[in-house]
Amino acid sequence: MGRPSNTDERRLQILTAMIRVMARRGYDGAAIGEIAKAAHLTAGLVHYHFKSKEEILLAALDFISAAHLARLDQAIAQAGGQAVEEVGAFIDVHLGLGTYADPEALACWNLLSGEALRNRKVRERFERALAQIVRRLAASIRRGQEQWEFSCDDVDAAAAALVATVQGYFVMGASARSTIPKGSAARSTRKMAEGLLKPVHPLSREAKRS
């Protein structure tokens, strides 16, 4: 494969700068000048590659989503095809302590969820990103059904419920972290998953990793 084009490199600089600035200042505080400064570019170059701050935001959402899905797929692949381990890995990727942490991306994700409430374009992209996450989890649960590892009444509802739990923890972690006992998020979510999926082996342990 050839090197990324100069345009691709510049766009990546701008997107990572947007994430960095937005994590510190929020979307309203992420002025083009601040983004340009963080990217070590001129404001003119930022405007050359993106028509508006909203366009940068939408591209940043796609970038965060793609990077997260890549990490998620890697963790699931390390489970060796065992559905119980895949679901455990899914929970660890989202709620495990430190292993997969990306504080800036998570801060932006929470801010994007708020922007989705008031911006239709953001909402459509955000919904699409969440739908991909739900589908990843549902695929693991269905595999578990086929392998007789799970006895789940409604796969899609269970996947949606667990992703909703993860999202709820994200919001609480950002706005009321002191209300969540340290280390309890992943453990409690595994227990919830056990109730929904009725696995033949418990999920209440950390997923194996190579």
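Colleague: Why is N6 called partly exposed?

Modeller: The relative accessibility of N6 is 47%, and the bands are buried under 20% relative accessible area, exposed over 50% and partly exposed in between, with a 1.4 Å probe and protein chains only. The value for N6 falls in the middle band, so N6 counts as partly exposed. This is a predicted model, in which local features need pLDDT of at least 70 and side-chain atom pairs count only at pLDDT 80 or more, while totals for chains, interfaces and linings use all residues. Residues are numbered from 1 along each chain as its sequence is written, and side-chain values use heavy atoms, with hydrogens and water left out.

Colleague: Where is N6 found, and how far is its C-alpha atom from that of L57?

Modeller: N6 is found in helix α1, which covers residues 6–25; helices here are DSSP runs of H or I with at least four residues, strands are runs of E with at least two, and both are numbered from the N terminus. L57 is 51 residues from N6 along the chain, and their C-alpha atoms are separated by 20 Å.

Colleague: How many helices and strands does the protein have, and what makes it as compact as a globular protein of that length?

Modeller: There are nine helices and zero strands, so that the order from the N terminus reads α-α-α-α-α-α-α-α-α. The radius of gyration is 19 Å, close to the 17 Å that the globule rule gives for 210 residues, so the protein is as compact as a globular protein of that length; the radius is taken over C-alpha atoms, and the rule is 2.2 Å times the number of residues to the power 0.38. Along the principal axes, the C-alpha trace spans about 60 × 45 × 30 Å, and 43% of the 210 residues count as buried.

Colleague: Why is I141 called buried, and which residues does it contact?

Modeller: I141, which lies in helix α7, has a relative accessibility of 0%, which is why it counts as buried. Leaving aside neighbours within four places in sequence, I141 is in contact with V87, F150, C152, V155, A158, A159 and L197, where contact means heavy atoms within 4.5 Å. For the protein, 67% of the contacts between residues at least 6 apart in sequence join residues at least 24 apart.

Colleague: What makes A36 buried, and what does A36 touch?

Modeller: A36 has a relative accessible area of 3%, and it is therefore classed as buried. A36 is found in helix α2, residues 32–39, and, not counting residues up to four places away in sequence, touches L41, T42, A43 and V46. H47 is 11 residues from A36 in sequence and 9.4 Å away in space, C-alpha to C-alpha.

Colleague: Why are H40 and W148 called exposed, and what is the phi of each?

Modeller: H40, in the loop between α2 and α3 (43–49), has 72% relative accessibility and so counts as exposed. W148, in the loop between α7 and α8 (155–175), has a relative accessible area of 73% and is exposed for that reason. Phi is near 60 degrees in H40 and near 60 degrees in W148, a positive value in a residue other than glycine in each case. As background, most residues other than glycine have a negative phi.

Colleague: Why is S188 called partly exposed?

Modeller: S188 has 33% relative accessibility, so it counts as partly exposed. S188 has its place in helix α9, residues 184–197, and its C-alpha atom is separated by 39 Å from that of A39, 149 residues away along the chain.

Colleague: How do you know what confidence the predictor gives to the protein?

Modeller: The average pLDDT is 90, and 93% of the residues score at least 70; pLDDT is the predictor's confidence in each residue, from 0 to 100. Confidence is lowest in helix α6 (residues 103–116), at a mean of 92, and highest in helix α7 (residues 120–146), at 96. Where pLDDT is low, the predicted coordinates should not be read in detail.
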